[in-house]
Amino acid sequence: MINITNYKHPKLTINHWQVGKAERWCILGRNGSGKQYIDQLLTGRISPASAKELSLPNPDKVALVSFETQQQIYENELKLDATDYIDTNDIGTKAKDFLPSNKLNEPIIDELGLRHRLESGYRQLSTGEGRKLLILQAILNGAELLVCDNPFDSLDEESCIALSAALERLSNSAINVLLMLSNRQDIPTWCEKVAFIERGHLNVIGDLNSDVTKQQLDTLLTPTLDDVAWPERSKQLTDYQYDYLVKLVQGKVHYNGVDVFSNLDVQIKPLQHTLITGANGTGKSTLVQLITGDCTQCYSNNIEVLGYKRGSGESIWELKKQMGIVSSELHRQYRVNGQLLTVVTSGFFDSIGLYQTPENYQIEIARQWLNKVGLIEHQYTSFNDLSYGEQRLALIARALVKSPYLLILDEPTQGLDELNRHRVLNFIEHLATQKHSTIILVSHRKDEFLPIFSQHISL
């Protein structure tokens, strides 16, 4: 399937790598390590390079499923949105239209839990559902090599098991499956071989079940001591004067004849850190959007947020200036390109892009957070030139710059490698000790159910 010897490109080096038919490989790499160049090599999108031997599958038979491909489809769907020109809401391309029309009865659609979503528009799908749809598309269109970049991110446990089982069945058939992963915990038990990429250099490690392989990976992925000082806080919790940050009574959200949730009571007091869990599609992100005001049905609900009763004439910006928000939806929407320092500084103004002149102290705090998340050397790099994981780290820094009373993290570690994921979790635990920001975390990963959470909302 793949045979490469002495491949040299300005952004990618491979000494020797062979993948046989039906071999089950994964490539591990940190954020910014160069995994995307492997994707580009296999899909024929990288410029010519020198190689002693280079045997690859036909790019037409290679399917890539990644956060970046999902983002491209999402942005294209936004361009085609005709809601402003017609009398009804334009849901865009339906999920079923991504699949061959003669294969809509295939059982794998049910196995991946997408049967009930086939009539939904792509923009209505969650990140995890969109990824499963693209994997389905590749399978049903006859791909010979399926490259999945962090396919288990943002999926609930049941969906992860179902997707892993489906990929294992594919690897037993005529389709080779190559997993590009950022976390060892995501390596399925059926995977056989592993390679590691760092700074654009791909090194084959060996058989996953080997003790030598495990020792090598431990060495490569051991975190270094973080001695970077914590940034300054721009305001104090003592300035907050209300009993509750969030109070929702008999909450209900209803779309297209279906209740997302109903009769939901939520109360969050200052420093009552709250974990929100539930299967894909149960309304976790909708609940978060009800709190942030991004779900318009907040005005038909009895909800108070940060001392404001929604619908009492308050501005959404009055609320958001006291919130820090990280979510897949924000990541999707942050399409205004600019230098990384500009993106992080925009958190002070809750804007997509920077349209006001920041104070010097705000720029300095933004730099401090970039230093803390390990991206200070990229402060003048274009946001769009960063990897998905690096962008997510930057958006976390953007949420923290203004010392928000309410920090809302909707799957914040999505796309992060295990070192950066643990770094973010350490941030969260440290922030709890500072007794300033109250944290709402949406997560599927059980290792992210931190002891700081005194309240657990399961949808």
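A polar contact is a pair of N or O atoms within 3.5 Å; within protein, one must be able to donate a hydrogen and the other to accept it, and residues adjacent in sequence count only if both atoms are side-chain atoms. I start there since two such contacts come up today. First, the ground rules. The model is predicted, so local features need pLDDT of at least 70 and side-chain atom pairs count only at pLDDT 80 or more, while totals for chains, interfaces and linings use all residues. Residues are numbered from 1 along each chain as its sequence is written, and side-chain values use heavy atoms, with hydrogens and water left out.

Now the two polar contacts. The side chains of N183 and R421 are joined by one of 3.2 Å. N183 is in the loop between β7 and β8; helices (H or I, at least four residues) and strands (E, at least two) are DSSP runs, numbered from the N terminus. Is N183 buried or exposed? Buried, because its relative accessibility is 1%, and buried means under 20% relative accessible area, exposed over 50%, partly exposed in between, with a 1.4 Å probe and protein chains only. Leaving aside neighbours within four places in sequence, N183 is in contact (heavy atoms within 4.5 Å) with L28, L416, D417, E418, R421 and R445.

The second one joins the side chains of K320 and D294, at 2.9 Å. K320 belongs to helix α8, residues 316-320, and at 11% relative accessibility K320 also counts as buried. Not counting residues up to four places away in sequence, K320 touches T292, D294, I325, D350 and K402.

Next, helix α1. Six of its eight residues are buried, so α1 is largely enclosed by the rest of the structure. Which residues of α1 are the buried ones? They are K35, Y37, I38, D39, L41 and L42. Take L42, in helix α1, residues 35-42. L42 has a relative accessible area of 1%, and beyond four places in sequence it touches I2, L56, P59, V62, L145, V147 and L178. L42 and P57 are 15 residues apart in sequence, and 7.5 Å apart in space, C-alpha to C-alpha. After α1 comes G44, whose phi is positive, near 75 degrees.

On to the cores. In soluble globular proteins, nonpolar side chains tend to be buried together. A nonpolar core here is a set of buried Ala, Val, Leu, Ile, Met, Phe, Trp, Tyr and Cys residues joined through side-chain atoms within 4.5 Å. The largest has 44 residues, and L146, L167 and L179 have the most contacts inside it. Several elements supply at least two residues of this core each, including β3 (25-29), β6 (145-149) and α5 (157-171). The largest share, seven residues, comes from α4. A second, separate core of 38 residues includes L370, A394, L416 and L431.

Now a sheet. Two strands pair if DSSP finds at least two bridges between them. An open sheet of five strands runs in the order β15-β16-β17-β12-β18, with parallel pairing. Its edge strands are β15 (323-326) and β18 (455-458), each pairing on one side only. Neighbouring strands are turned by 15 degrees against each other on average, direction ignored; axes are lines fitted to C-alpha atoms, for helices over the stretch in contact, and angles run from 0 to 180 degrees between N-to-C directions. Strands β16 (residues 406-410) and β17 (residues 438-442) pair in the parallel sense over five bridges, and the bridge partner of D410 in β17 is V442. Helix α7 (residues 284-292) packs on the sheet, touching β12 (274-277), β15, β16 and β17, and its direction makes about 155 degrees with that of β16. Helix α12 (residues 388-400) packs on the sheet too, touching β15 and β16, at about 170 degrees to the direction of β15.

Last, aromatic rings. Rings of Phe, Tyr and Trp (its six-membered ring) pair if their centres lie within 6.5 Å; planes under 30 degrees apart count as stacked, over 60 as edge-to-face and the rest as tilted. The count comes to four aromatic pairs. What is the arrangement of F98 and Y122? Tilted, because the centres are 5.3 Å apart and the planes at 35 degrees. F98 is buried at 13% relative accessible area, and Y122 is buried at 0%. F348 and Y361 form an edge-to-face pair, 6.5 Å centre to centre with 70 degrees between the planes. In that pair F348 is buried, at 13%, whereas Y361 is partly exposed, at 49%.
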